[in-house]
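Me: I've got a model to go through with you. Can we take it piece by piece?

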Amino acid sequence: MRIRLVAALAALVTFGPALTAGAQEKVSIAALRFVSSAPIFIAMEKGYFKEQGLDVEFKFFDAAQPIAVAVAAGNADLGITGLTGGFYNLAGKGAMKIIASQSREEPGYDFVAYVASKKAYDAGFKDPGKFPGKTIGITQVGSTFHYMLGMLAEKRGFKLTEVTLKPLQSIANVTAALKGEQVDGVLLPANNAYAVEKDGAGKIIGWVHQETPWQLGALFAGTGVIEERRPVVEKFVAAYVKACADYADAFLQRDAAGKRTFGSKADALIPIIQKYVEPKPSAEQVKASASYIDPKGRLLVKNIHEQVAWYQAQGMVARDVDAAKILDLSFVKDHLDVPKR
Amino acid sequence: MDLRLEGITHSYDGLLALDGIDLEVRDGETVAIIGPSGCGKSTLLGIVGGLLKPSAGRVLAIGAPRADSLNPFTYVFQDFALLPWRNVAANVALALEHHGLSRAERRERVAAALALTGLGEFAAALPKQLSGGMRQRVGIARALVVRPAVLLLDEPLSALDAQTRELLMEDLLAIWARERSTRLYVTHNLDEAARLADRVIVLSRRPGRIREIVRIDMPVAERGAPTALPVVAGVREKLWALIRDEARDAEREVQHG
Amino acid sequence: MADAAPVTFRGGGFHPRPQRLVPVAVFVAVIGLWQFASWRGWLPALFLPSPWEIVTALGGMISDGSLGRHVGASLMRIALGWVLGTAAGLAIGLAMGIFSVARAAGLPVVSALFPIPKIALLPLFILWFGIGEPSKVATIGFGVFFPTVIAAYTACDSVPRNLIRMAQSFGLPPAAIVWKILVPGAMPGILAGFRITASIALILVVAAEMIGAQYGIGAFILSAGNLNQIDHLLAGVTLLSLLGLAVSAVLGAVERAVLRWR
């Protein structure tokens, strides 16, 4: 093993990546050019994939939806993005399985904010408990934002039907609707939420992690890929988890008071992230967008069961979808919060 | 009502169509206007009824129309000009609707006009259901319903086949025997002129000028009899002799553009 | 006469006749084949559900009451947008058909604005009218307006001039000429325009409901797409198709009633 690795590294140095690629196992992953995809960028740039003998190809998309479709249709071997109703419908048909974690809402780590419009805030919309009766802009039906509102409704004891939802298709439209006072409030990722607050168009009235921590994103693989190329997936996860640890070391540190701190390790990784993320973020924006990602790639398993159940209750996911069957917990050790059967 | 046309002159786009037409028409008279194609006979009729403005000259109406005449100058058109979405009775009623008559009076007048033209049982029919002859009867009924002082007939039988034309000529004579009016009758058909008119105005080729006025002395009522055939044929021959050469020239012009 | 031979028949053909059973048979055959292919697994269930699954999805929408909500919301927008667009379009179109000045003023404007896909104006309407109902109704209304204007004034042009001359010869006042001759005479052209604008309204309601609509067939199709519920998506498309057929049937009945005289 070591000899092979040394030989591979030697070849890499001597002949460059083009020649070595032939000796390596090809694997593709569909992803967004978001900061939350950071672990795969780190694993690529730090050579963790190569160490595993993998020649990884990134296939970038501009929304979560086509990523799930690409993996289900076999256009990509793996995918990494947020978990949506659309994802569960495809996965529920046996097309793919969740194997490791990506972002999650973890107390102390700002990621998605509840934002009130200026007018609504002045009229008293200053607390996430005040959602009933409001008109709220979200990106799409069955998006992570939709689910976050559903969880908030459960926690705060109101009905989701008391909120008028306006699906606006994109973060840009959601932001515009808030600025135009056409909605009372929205849910926005930290980076966009800060920008809106800076403009004076809206006010952050709370953070999702304060209300309902949950498993927002995941790494998943096509069922056929898992069955036929299991060793490749294992190698991929090994490199991925190693990068998650690096990421956590750099971006998830907090001081004694609980405040997040970013040191030299973060500074070292920021250029890697800036290389892939579009539009290219500043160092400050990378830090603001750095979501919590489990250092060991572990999933909040029970929450995924809850997500499926919620989408089913809303009629957005087919009744016959079984959460247990869309999870493959064998690639990462010690998953969190695993329901007992 | 008498009519006097004084120096009627008309030109289209600088082309002289009618040149100095002077004519007197007496009350109750039927005057046919014939001439080769493009002599301006329909234009002249348009000017008499006020649908076209002459370049020069004027039309005078002498004497008051009868008291119950709602539309002293009334046309009968070659293409009938019926509204296809109105039934026969409603087409006839169109001519009355803006005159503030009571509903009963309107209905009565329409019924009388339909009876006069033999359309009584077709009151509810749509134009598309009628033959050409019946459609022109509707056109005639519509003209009669306003009790015109001057009836302006613009090739009224030209769109009809020969048999229908014979029938309608008889009908027109029967109606004119009962309804008093002055009639200007434009046609290119010499038979119609010889059978229906008291006088025939023969116009020359463009520009239209009065070439000759042919008086027919035999009363119109007698011209349908077999014994009248030589007289009618004679008039027809005379008219044809008057326009024959010009008709040929006109035809060539049409053919050669 | 030596040999007598019957003359061979060589006419006939080239005369399409209505065949009542063929369209139904084709329809049934296509659906049947599709169902069979799905059942045998020849079609990927992930991306093309069987007809039966689509029917089941429609049944589900009926039983949970969402069908009425979606169709109702869309019909409301279509009705409002279509009526407003048609009323304005007829007013302007008839004015352009009657008055030379109105035509000279209106024609360049209409010609310039007509070809713009109204979907491209949706963001603008959202800025002007907000993300609520007004922007959706406006999108449909504008989409319907321009074809109606063009249909109305060309229909006025197609009214035979001799009918207008006839009306003038009987001394009908100008207003009566408009109402008794021009408008009924333009009706066939206007109704033909209605067929076009009704389908435009259907297209635009789907586009308009893509932004900020909770209910409506367009919103339903879009969210089914977002949720990868292909059976629901196709159920929504089926609904649109049925709606289109229903609208066409209604217009056909109106045409038969109004244009009985043709």
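Me: Is Glu306(A) buried, partly exposed or exposed?
Reply: Glu306(A) is partly exposed, because its relative accessible area is 37%. Buried means under 20% relative accessible area, exposed means over 50%, and partly exposed lies in between (1.4 Å probe, protein chains only). Some ground rules: this is a predicted model, where local features need pLDDT of at least 70 and side-chain atom pairs count only at pLDDT 80 or more, while totals for chains, interfaces and linings use all residues. Residues are numbered from 1 along each chain as its sequence is written, chains are lettered from A and ligands numbered from 1 in the order in which they are written, and side-chain values use heavy atoms, with hydrogens and water left out.

Me: Which residue forms a salt bridge with Glu306(A)?
Reply: Lys302(A) does, with the closest N and O atoms 3.4 Å apart. A salt bridge here is a side-chain nitrogen of Lys or Arg within 4 Å of a carboxyl oxygen of Asp or Glu.

Me: How many salt bridges does the structure hold over all chains?
Reply: 41. Arg104(A), Glu106(A), Asp294(A) and Arg298(A) are linked in a network of them.

Me: Which residue does Arg165(B) pair with in a salt bridge?
Reply: Glu192(B), at 3.8 Å between the closest N and O atoms. That pair links distant parts of the chain: Arg165(B) sits in helix 5 (residues 162–178) of chain B and Glu192(B) in helix 6 (residues 190–196), 27 residues apart. Glu192(B) counts as buried, because its relative accessibility is 1%.

Me: What about Arg26(B) and Glu29(B), how do their side chains meet?
Reply: In a salt bridge, 4.0 Å from N to O. Arg26(B) is partly exposed at 46% relative accessibility. Glu29(B) is buried, with a relative accessible area of 4%.

Me: Switching to interfaces. How much area do chain C and chain B bury?
Reply: About 1,800 Å², and carbon and sulfur atoms give 67% of it. Buried area is the accessible area (1.4 Å probe) that two parts lose on being put together, summed over both. Phe170(C), Lys180(C) and Trp261(C) supply 39% of what chain C buries against chain B, more than any other three residues.

Me: How many residues are in contact there?
Reply: 17 residues of chain C touch 23 residues of chain B. Contact means heavy atoms within 4.5 Å.

Me: Which residues form a salt bridge between B and C?
Reply: Glu97(B) and Lys180(C), with the closest N and O atoms 2.8 Å apart. Helix 7 (161–169) and helix 8 (174–208) of chain C each supply at least two residues of the side that touches chain B. Helix 7 gives the most, with six residues.

Me: How many residue pairs are in polar contact?
Reply: Eight between chain C and chain B, both residues at pLDDT 80 or more. A polar contact is a pair of N or O atoms within 3.5 Å; within protein, one must be able to donate a hydrogen and the other to accept it, and residues adjacent in sequence count only if both atoms are side-chain atoms.

Me: Which backbone oxygen lies 3.0 Å from a polar side-chain atom of Asn71(B)?
Reply: That of Ser169(C). Asn71(B) is found in the loop between strand 4 (56–62) and strand 5 (73–76) of chain B. Asn71(B) is buried, because its relative accessible area is 10%. Beyond neighbours within four places in sequence, its contacts include Phe170(C) and Gly171(C).

Me: And chain C with chain A, how much do they bury?
Reply: About 1,800 Å², 55% of it on carbon and sulfur atoms. Leu46(C), Leu227(C) and Asn228(C) supply 32% of the area that chain C buries there, more than any other three residues.

Technical notes. Helices (H or I, at least four residues) and strands (E, at least two) are DSSP runs, numbered from the N terminus.
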